[in-house]
Structures are given as C-alpha cells and as structure tokens.
Amino acid sequence: MTQYGFHFDGTRCTGCKTCVLACKDKNDLANDINFRNIHEYGGGDWTQDAAGCWTNDAFVYHVSVACNHCDKPICMANCPQGAISKDEETGEVKSDPETCIGCGTCMNSCPYGAPKVDAEQMKSVKCNMCADRVAAGAQPICVEACPLRALDFGDIADLRAKYGDLSEIAPLPAASETEPNLVITAPVNGKPVDDKSGALLNPREIL
Amino acid sequence: MTNHEKTSVSRRTFVKGSALAGLGAAAMGTASLFGCAPAAESTGELADTGEAVADTIVWTHCAVNCGSCCALQCHVQDGEIKYVESDNTGSAELGEPQLRACLRGRSIRRWLQSPDRLNKPLKRVGKRGEGKFEEISWEEALDTIASEMKRIRETYGDEAMTSHYSSGVCQGQVQANPVKRLLNLTGGFLNYYGSYSSAHISAAGTYTYGGGTYGSSFLTIQPGQLVVLFGDSPADTRMGGGGHTHDFAYIRETTDCRVITIDPRMTDTTCGQGGEWIPIRPGTDGALCAALAYEIINNGWADEEFLHTYCVGYDEETLPESAKGKNASYKDYILGTGPDATPKTPAWAAAITLIPEQRIIDLAREMHESDPVYIGQGYGPQRRANGEITARAIMVLPQLLGQIGKPGMNDGRREGCASVGLGMLPTGENPVTTNIPTFEWPNAILHGEELTALNAGVQGADKMSSSIKFIWNYAGNCLTNQHSDINLTHDILADESLVEFIVTSEVFMTDSAKYSDIIIPDLTSQEQISISSDGYSDNMIAVIFGAPVYEPKFERRGIYEVCADLAERLGVGDEFTEGKTREDWLREIYDEARTANAEKGMDMPTWDEGYAMGVWKMKPEPIVKLADFVEDPVANALPTPSGKIEIYSETLAGFEATWELAEDEVVTALPIYDPGFLGYEACTEEYPLQITGFHYKAHTHSSYANNEVIQTAAQHVAWVNPVDAEARGIKDGDTIRVFNDCGEIRIEAKVTPRVIPGNVSIPQGMWHDADMAGDRVDHGGCINTLTKYRPTPLAKANPQHSNIGQIAKA
C-alpha cells in the first residue's frame, strides 16, 4: 500500500481560497459545505504612543487544510456504523454511503472538521483526495488550482522526504491526535500548535 | 449557418471517452500516482464509480476586470458545464507560467448557470430606477433603441450621446467597441478619458515621466534587496495564477528580498510570506514621502548627479527659468526653506501618518542602504482626493536615490507588465473630439454646457456643447454601484427629463441596469468566440483562444450582432460589418498581432493552431523601466516638455495659475503633501472615522459579487480594529451600521488587528440593496453608498477612498 497525503506551503499561501472553490466546483458542493478550508490565524495588540502613533505586533497567516486521510482516523474509530474505512491501496479514509446513516459522529469527532453531513442525502461526505483524477495521473483539483503552487500531493513518504516532518501548527490540532498525512512548510511567522497568542480570525468562513 | 457554427470549435474541442483521459493528457510532468491511468482512458469509465461519462473540453477565459485574464477548460456535458479546470499545460513549478484561474474563475459555472441571468429584452414600465420591467421582443427593443438614438441625436447633437465607462464581464478584444463603432458611424459620441482604477496615477505619470502608470517588472528584483510597496498588494489585486501575485511570490522566494508594505491594511501580500507591514493613516503617504525625502537629503544620501542629469526641479539649479529665485525647488519645500517654511521632519510626518518617528528615520536609512531598492505603488494611495499629488510624491523617492533604470530598481510607479499587443475590434473615427474625464459624467448630465477645460478638465474642446441625453451602458455597473454617492446618482438618473434614454446590455439585473429604459440580454465572453491576452503579468505573454462553451440559451445575443442589426436600421449596416462576422474581426486582430510580433522574432501560432492549443504563452524579458533614458537622456529623452523627469512641472504650474479650483483643491508644480478634501483632518466628533474601500477576493469590482458560493467562502465584512470596536461595544460578527452624510449601509464587522485604528475598511463591489423609495439604507453593504461625488483637482477623478463616517452596532 502507498499512503498518500498533502503538503501545504505556508510561505506561499495568501489565503486566496482558490483551492476551496476549485474543490467546491469539482464536487458540486452546497454553499455551506467545504471539503477544504482556509484558516486565517492571527493576533496581536495595538499600542498608541505619546505622539499618537501606533505600534503593533499583529501577525496573520493562513493554513489550507482538507481531510488528512489520517493514520489513526478518529472518525473511523468513532463511527457507530463502522461505515468508515481506510483504502488498502491509497490510504484514503472513505465512508461507505450504503452503511452511513448520516448521524454526524464523524463530523463531530474530526479535529480538522473534515467530514460533513450532506443534509439532502443524510450521508457523510468529505475529501476523497480526488481519487478519480489521481487514478488518471492528475493531481487533486485543489493542488492543480493553487495559483501559487502552495499545495502538493503524493506518497506521504516522498512528501516528507522533500518537505520535512512538520504536521502540526496553530490553529490545527496536535498531530498526535490522529496522525494526519499532512506535511506543512510553516509560514514565516507560523506559531506552534499549542500557541495561545492568536485566534482563528475567520470562524464563519470555515464551512 | 450561424456565426457559431462557422467558428473553429470543431477543430479544437474534442470528445474523449472519459473526462479522465483528458486529465491524464493534460497533467504533463505528473507521474501516474496510482499507477492506473491508462485504464481510465481505455475503458472510458471513471475509476471510482464505473460510470461512463463523455465530456467535451472547451477552452475559454474568465472575463472580468481584475487585471488578470485566466484560462478555463470547461468540462461540458449536454450543453452544460459540469466543472472547470484551468491552465494545466506546461510545468506546474512556481515560476513557470500557467494561467491558473483564481477562486472567481473557478466558480464561473454557478455564475453562468444562475437562474438570475437576463434571458429576454426588457422594457421599463415603472419610474426609472424602480426596477419594474416587462419582457418585450428583440424587434421592439431594437426598434426603440434605433429610434431613440436617432431622435436624441437630432434633437441635442452628437455630444449628447455616450457609451458609458464600463469594465464588467466583457474582457477580451471586443468589449464595448461594437457600441462605440455604431455611435461613431452615426455621428460620434462624447469621449471620456481616465478610469475609476487609475486616473490619478495616470495623470501623475503624465506630468512626471511623460505618460504611463507602469514601472519595472518584479522579476528584475535582485537577491536580498529591499522592496518597498505603497498601497500595492498583488495578492489582492492581481490574483490570477499568470499574474503579478504569482510573479511576486516567485521572486520573493527565489531572491529572499525584504518586502515592506505601507498600507492601512495588512494585505494578503504580507501574511505568512514574511515581510513587514507599516500601517499608515489613509491618505497620508505624501507626508511619509516628504519625511523620507528629508532624511535622504539631510543625510547627504540624495544622488545629486542623478538629480542634476535626469530631473527638473530638485534644487534651485535644476528649476526652470520661470521658477528660479522663488525658493520653489523640491529641496526647499522639504528642508523648510520654501514658502511654507516647514521642514518635513520625521516628527512632522509622524503626527500625520501615525507612523512612529523612529520607524520613518529607519525606513529612510534602509532605502538608502539597499542597492538596488525597488520602490513601487499600487492604485490604493492614488484613488483619493489627493491621489494625483500622492502618486507623484511616491515617484520622487527613487528619483532622489538615483534608483531608476537598472535591474532591481523601479521608478515609483506600479509594477511593469508585458503585453502581446493584441488589438481591439476597431471603433472607427469619432467625429466628436470633446473628451471629458470619466468621473465627470454626472456633472455632464446636470450641466454639461457649463463644463470647460478650466473647471472640469474638458479636452479636445474648450467646453462641452450639450449635456448627456443618451447613455449606452454596455456590461458596466458604473451608473450606480461602482460610481460614487449612489443616493445622489439615483436622483440624477431617476429624473427622466435629464438623460432621456438609457440602454443597458447585461447578463444580470445589476443595480445600474435598474436605471435603464431598455435592457438587452448579453452573452458572456464564454458564450461566444473570444480571444484574449493574459492581463497584467511579468513573466508571460499569452493568448487564450476561447470558443463558445455552449450554444446561446434563451434569447441572449452577442453585442456585435446586436449592433450590426441596429446599424442596419440606422442605414450603416454595410459600413458597420464590412461584411465581417465577430469571428472574422477576431481573426483579423489576431493575424495583425501575429504578423507584427513575427517581425520582433516572436513565433505565435496560426489562428487554427492556437485554437487547437487553447492557450499560447511565452516568457518575455523582464522590463527595466527607463533603462534607455538613463543610458542616454538626450537621445532617449522622455516625452515631457523638458525631456527629463519633472519633479517640478511647469505644466502644472500653468494649471495652478489658470484652472478654476476651490480653496481645498490643490494643483501645484511640486509633489508636496496635500491632505486633500475628506482626509483625516476632515474627521469630526460626529464622523470620527475614515472609511476606505479595498479590492477583495470574493468579487472583481461588482462582477461575481452575486455568486453566492464565493460569498459564503469569503464573506463580505467590514474590517474594524479592536480599538475602534471595543470603544463602540462591537464584537466580531456583529451587524453594524456604517454611515455618513451620503448614506448608510449595513454590514457584518470583522474585528481584526489587520487594519489601523481609526480606519474602517470595506471591500468595494458588493451589490447595493436599498429601498430607494423608503429609508435608502443599503443592506447590501455597497461602499459607494458612502463615497462622495466630487472630482479630484487635477485628474477630475474619483476620490473613492476619501470618506469619513461613523459605525455603530445595528
């Protein structure tokens, strides 16, 4: 088996959300469901000096994340129907629509918020690493869409050899929770996973 | 045979057994990751579903005025787009040109398929601006338009006719040109110059360098050097993957240059990519520049040899005769030996810009120490009441430092761009020479006969001879939404005794379209044959060869064919078409560019080859602006009156002496700091905040702003600093009122450290949504409900970011 995964380059990402919209178009997602999300993380304070001038230590960076097809998928562990499995060939974490009852346990379990419940079908839906495209030799549509080439996809072993071992950063969860198949190149001003100096600045855009 | 059937579609669209076969072929350089690519191609089945699907892949291009133009590969089944891919030809490595569409182009399917599209000609039945229409036949629509064109021209003369400024869903080589061609063939129309985008910097470029708004390419930036950008964010304003956002990302990564952006907002160009953001109070860039100049001159860092060789007006020695002996030089102004007797010290500027004094001192030193240093500006600083003079003030910095004409340097204008040089559908000769600033059109409606060269920048004539009585608004939302002071403009347009007839060609019922007497349903560029160049880019020139993605639906018709029908009715049918179809014109335009470029050694494909490729692109040499002038300033003199860079402009001194200007309107020979009207000094207890707009990813101006799928992913919110929010009890996510003397909008607050206190930043372009017969409160959150209608002193352009107001929890 080859375990596939994503690489995200935080030094290139501008938070433009092209990856999000390319995915929504390809998968014809409802407006209120994203398979990939851009997290805008930041913080900092503003201080006015005696002359009235402002100084600040504001910082902001973006993190693009979808399903990480984890080695220890907590969605799979918690699914009451046993509907979620890992593909033996690719490591894709996938839900069997025949078995899924749309209860939302996976959605509520996943610390990345990857699975969603499609209200119309009452089924769990999420990123399938564009299995059809990848089988045809293309990259997932989000990867091919990024105007700044900030995403990559492939054998996670190759990605780690190329980009390193970082797989957690604020505001994402600790990698130990699910062992995601994600490699991150930290933004220049990236903060460690347990950082408390900032906050998610776009909570209503995370769908 | 219809035009569409005559196009080359059949030669370049292709049906594959599977969508995936096309993908496999397109993903050049990508190994088959799952090792089973050929299976999909040979079986014609989707690997994961087993469902047989036949896709037709049709190349076309996005077509809005973002500054980029990206390729789209539409996967079409049964006459509908299923999903969209972009340019995946060639290498996918950063630095290699691919015209990758941004989030907007990627969402075009739902926008094209929207149930809100205009499908039939409409006739106004209520009062103008009420938005009440009924469907009519094309016959009736065209008869009415033709007879009104004739009647109004005969009654009021040729200058009463206009083709309104527009930049909507029409990018390509046709745009509004059929309308202009038709107007020209029937007597001409009132011209306009300048745009809502860059009229001020365009004027600044004219009086400083002899013309032009663009400087050197980002791609000339050298390893480790300093880059200083005033109000320029390629990640926000040039988002296409073939555009400057890509070029800048590439050059940052490969040169490790140090980037400083000076902006009221922390833009998307200065987030995780590194670099430093210096927040500045909106509209005060000129004061910062003056203080930087003070430090440069006072510390002996000014490149006197450069200034004496290439520039006019730096010091007494280089002033023109007319200005000598008056302490009228730039150096005098900066050092306080000029008429205002105020040294422009960093402490002086700190109080104006709200940038700490020491940071200004350090910035000047950093600019001096970096050789080369790239100093540029976007269109934000100039889109203000003091925009022209601010743009000129920024341009002085590289002149003082002698940082012009070599790789890594820029002349203070916007980043450079290469062009393939595709022409436009010819409009013919306009018998009318009168030319007014674009932004003057409401004045030209209200009292056109009073507008002159001296009070309104009229060119081509001393004055206008009539007011505007006929407007053709082709693919534009600048009647209201993208203009200024919507409440005022509503009243002007709703008065049917002023403009007597307005026709709009559109794809959606925009706010502007509501003010039409007749609306005709247009086809988008994707629904017609359309070629386009790639927009603003450093590292590529390209042509996208677009075929109609599907046959026209409903009663939508292309503007060329519509104008040809009208030309027939007006007796100029043969002159209009010259026997050519839209495709014939485009072929001619393409062939002309191909021939001209072949003489420069560029090998462009034939039309048919291009259509087989979908997109043709090449990497040009990066532009080092003014290199030839710096090399030999005599042989390659600039097209300014002096032939040199004009820090002091005698032309502007002449305007100052002769133009009719209000007390708070400054046109002057030197690029001094002028706060302009409605700057921060204008703030009051009632309106203590500045309100500025910005270009936002969720729409290009107002194009795509009605595409809900983007708006939910990138929300329309007003940026409010926590300092201002807390003082008013506003929390992140609250709906707030933003209001001033022009009107009131409702919008959600984004409480963020990414904006300087005292300034509320609102994305421009959201659709106005107000009960204009009632309270006029704009629930759409269109910033132009709040922007003042008052032309700027020099360019007579839009002071779009010069606003004051207040916010409160709704």
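Two strands count as paired if DSSP finds at least two bridges between them. By that criterion, in this predicted model, strand E2 of chain A, residues 37–43, pairs with E5(A) over 7 bridges in the antiparallel sense. Two of the partners can be named. Tyr41(A) has Tyr61(A) as its bridge partner in E5(A), and Gly43(A) is bridged to Phe59(A) of that strand.

The pair belongs to an open sheet of 3 strands in chain A, which run in the order E5-E2-E12 with antiparallel pairing. Strand E5 (59–65) and strand E12 (198–200) of chain A stand at the edges; each has a single partner strand, so one side of each is left without a neighbour in the sheet. From one strand to the next, the twist averages 25°. In general, strands of a sheet pair through backbone hydrogen bonds, either parallel or antiparallel.

What covers the faces of E5(A) is a separate matter from its place at the edge of the sheet. Here a residue is called buried if 20 or more other C-beta atoms lie within 10 Å of its own. On that count, 7 of the 7 residues of E5(A) are buried. One side of the strand carries Phe59(A), Tyr61(A), Val63(A) and Val65(A), and the other carries Val60(A), His62(A) and Ser64(A); both faces are covered.

Chain A gives 57 residues to the contact and chain B gives 64 residues. On the side of chain B that touches chain A, the elements giving two or more residues are helix H3 (19–26), helix H4 (37–43), strand E4 (80–85), helix H10 (244–255), helix H14 (346–353) and helix H26 (708–713) of chain B. H26(B) supplies the largest share of that side, 5 residues. Sorted by class, the side of chain B that touches chain A has 35 nonpolar, 19 polar and 10 charged residues.

Chain B also has contacts between its own domains. The domain assignment divides chain B into domain 1 (3–112), domain 2 (122–197 + 423–522 + 557–579), domain 3 (216–418 + 633–658) and domain 4 (680–809). Between domain 1 and domain 2 of chain B, 4 residues of domain 1 are in contact with 5 residues of domain 2. The domain 1 side of this contact in chain B has 3 nonpolar residues, 1 polar residue and no charged residues.

Conventions
Residues are numbered from 1 along each chain as its sequence is written. Chains are lettered from A and ligands numbered from 1 in the order in which they are written. This is a predicted model: local features need pLDDT of at least 70, side-chain atom pairs count only at pLDDT 80 or more; totals for chains, interfaces and linings use all residues. Helices (H or I, at least four residues) and strands (E, at least two) are DSSP runs, numbered from the N terminus. Axes are lines fitted to C-alpha atoms, for helices over the stretch in contact, and angles run from 0 to 180 degrees between N-to-C directions. A residue is buried if 20 or more other C-beta atoms lie within 10 Å of its own, exposed if 12 or fewer, and partly exposed in between; C-beta atoms are placed from the backbone. Two residues are in contact if their C-beta atoms, placed from the backbone, lie within 7 Å. Ala, Val, Leu, Ile, Met, Phe, Trp, Tyr, Cys and Pro count as nonpolar, Asp, Glu, Lys and Arg as charged, and the others, Gly among them, as polar. Domain bounds come from an automatic or database domain assignment.
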